[in-house]
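Here is a briefing on a predicted model. Please look over the sequence and the structure before reading the notes.

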Amino acid sequence: MFKRLADSGKSVALTVDGRPVDCRAGDTVAAALLAAGVDRCRTTPVSGAPRGPYCLMGVCFDCLVTIDGVGSRQACLVPVREGMAVETQSGRREAGR
Amino acid sequence: MRAMSEEYDVAVVGGGLVGAATAWGLAREGCRVALLDEGDRAVRASRGNFALVWVQSKGIGLAPYSAWTVRSSNAWAGFADLLRDETGFDVCFQRPGGFHLCLSDKELETRANALKRLHNQPGAVDIKSEILDRTQLIKMLPDIGPDVVGASFSPLDGHVNSLRLFRTLHTAIAARGVRYLPSHRVEAIAQEGGTFRLATSQGEIRAGRVALAAGNANMRLAPMVGLEAPMRPERGQIVVTERLRPFLHHPTGTLRQTDEGTVMMGDSHEDSTDPSGLTLGVSAKIVERALRAFPLLAGANIVRTWSAIRVMTRDGFPIYDESESHPGAFVVCCHSGVTLAANHALTVAPMIARGALDKSLVAPFSARRFYVQATG
Ligand code: FES
């Protein structure tokens, strides 16, 4: 769906649900997810509807993911970092993990 | 045709949980009811409360309060069913039994003594409470942290979705023809020839009876009909997490997981009547205790905090009164608008509809108790 500009920055490696994903320094986690074709990053806590990054500017909260063990972070507001572990979320989070 | 001088059988003053429950009960009795409320910016405990239907800590120092609370707890399931039948809304009442968690031996001893005092009062009712040590407790609450030494438990304790209760009551009264009048702050009340005339910011409302259910504002209103409602408002704060999978199947006095998955933490007391402020240190203390009780909450995100002003009578017990100087004027006032909602709807409202409080049930709650020494 999305295509990178030719002169994007240096390569950064992270994992999404354990799977290695290659992205670029300066990407937000949301941009990295979309570039990798991950357009569903969570399901909602009440109806279980799928959600993916939408506004990309911190207002819609549709892009919530778990980053390095911290749940419900806004992927569009967090820059990627080498070795980052991103997990998609399913419904309500479980307390204690 | 009715005379224009008396538009309503009863004017209920206060559109919160106490007023709405009373108005609904009156409408069920066939009364024509006006419910006078302030506007959206009113200080409103009904939108800030903790939503427990709570028995185990009520009534130390006044045994009839414990009995009154048990009565409401027992009536709550039927009350919720009636509301569901009328509105289609489920207020999510559950009574799985509740805990008061203790984080030190001293706390557990204090708790055990408090329940002993409650139990040993003349006229005490059995709230079936027990003190559980850690080994017993962990079987029912497997996620407690190492600091929890024990708890008290009562099977009569429960909780509800109180915002939905508030909405449901307002839906139910509208369906029963109660006239809801927002932005009608009552400035003065006079009684003339058996009719109450309530002066409001939007004109006069006339009614045969008046029920004052305006929370802390009863302090201002009650003297207008020859009654007293001594209050001491205080501020409480609540901290709420994101929605989590169900892990806690019993409410505790200070922490509960709602039907929607959020975890509410609360129970702070501050001498303040400013509802717009939050004291960070108070929130921090609430959360610190919550994490000692349930360490697995450490990774949960906090999504909301708020403060609200508790409706609190001077001694913490309810006030139900009827006026001698202004026959037909009543005060319905308490801290526990959620817990006692079933009583207000199903027991107190019918008394007001009949025109007299049933002394066998509510005599101990007259505000006259505040003036015992003065009147000898
Ligand atoms: S995409 Fe809207 S808040 Fe992140």
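B:C92 has a relative accessibility of 15%, so it counts as buried (buried is under 20% relative accessible area, exposed over 50%, partly exposed in between, with a 1.4 Å probe and protein chains only). This is a predicted model, in which local features need pLDDT of at least 70, side-chain atom pairs count only at pLDDT 80 or more, and totals for chains, interfaces and linings use all residues. Residues are numbered from 1 along each chain as its sequence is written, chains are lettered from A and ligands numbered from 1 in the order in which they are written, and side-chain values use heavy atoms, with hydrogens and water left out.

**Backbone: positive phi**

- B:C92 has phi near 60 degrees, a positive value in a residue other than glycine.
- B:C92 sits in the loop between α2 and β4 (98-102) of chain B. Helices (H or I, at least four residues) and strands (E, at least two) are DSSP runs, numbered from the N terminus.
- In chain A, A:D17 also shows a positive phi, about 50 degrees, and is not a glycine.
- A:D17 lies in the loop between β1 (11-16) and β2 (19-24) of chain A.
- The relative accessibility of A:D17 is 45%, so this residue counts as partly exposed.

**Chain B overall**

- Chain B has ten helices and 17 strands.
- Its radius of gyration is 21 Å, close to the 21 Å from the globule rule for 376 residues, so chain B is as compact as a globular protein of that length. The radius is taken over C-alpha atoms, and the rule is 2.2 Å times the number of residues to the power 0.38.
- The C-alpha trace of chain B spans about 70 × 45 × 40 Å along its principal axes.
- Of the 376 residues of chain B, 55% count as buried.
- Among contacts in chain B between residues at least 6 apart in sequence, 74% join residues at least 24 apart. Contact means heavy atoms within 4.5 Å.
- Chain B exposes about 15800 Å², and carbon and sulfur atoms supply 51% of that area. Areas come from the Shrake-Rupley method with a 1.4 Å probe; for residues, only the protein chains shown count as cover.

**Nonpolar cores**

- The largest nonpolar core has 51 residues. Such a core is a set of buried Ala, Val, Leu, Ile, Met, Phe, Trp, Tyr and Cys residues joined through side-chain atoms within 4.5 Å.
- Residues with the most contacts inside this core include B:V12, B:L26, B:W76, B:F79 and B:L165.
- Elements of chain B that each supply at least two residues of this core include β1 (8-13), α1 (17-28), α2 (63-87) and α5 (162-175).
- Another core, of 28 residues, lies apart from it; B:F196, B:L198, B:V311 and B:A329 are among its members.
- Leaving aside neighbours within four places in sequence, B:L165 is in contact with B:L17, B:W76, B:F79, B:L83, B:V91 and B:V338.

- B:A23 is in helix α1 of chain B. At 0% relative accessibility, B:A23 counts as buried.
- Beyond neighbours within four places in sequence, B:A23 is in contact with B:V12, B:V33, B:L35, B:I173 and B:V178.
- B:A23 and B:A11 are twelve residues apart along the chain, and their C-alpha atoms are separated by 8.5 Å.
- B:S162 belongs to helix α5 of chain B. B:S162 has 7% relative accessibility and counts as buried.
- With neighbours within four places in sequence set aside, B:S162 is in contact with B:N49, B:A51 and B:V338.
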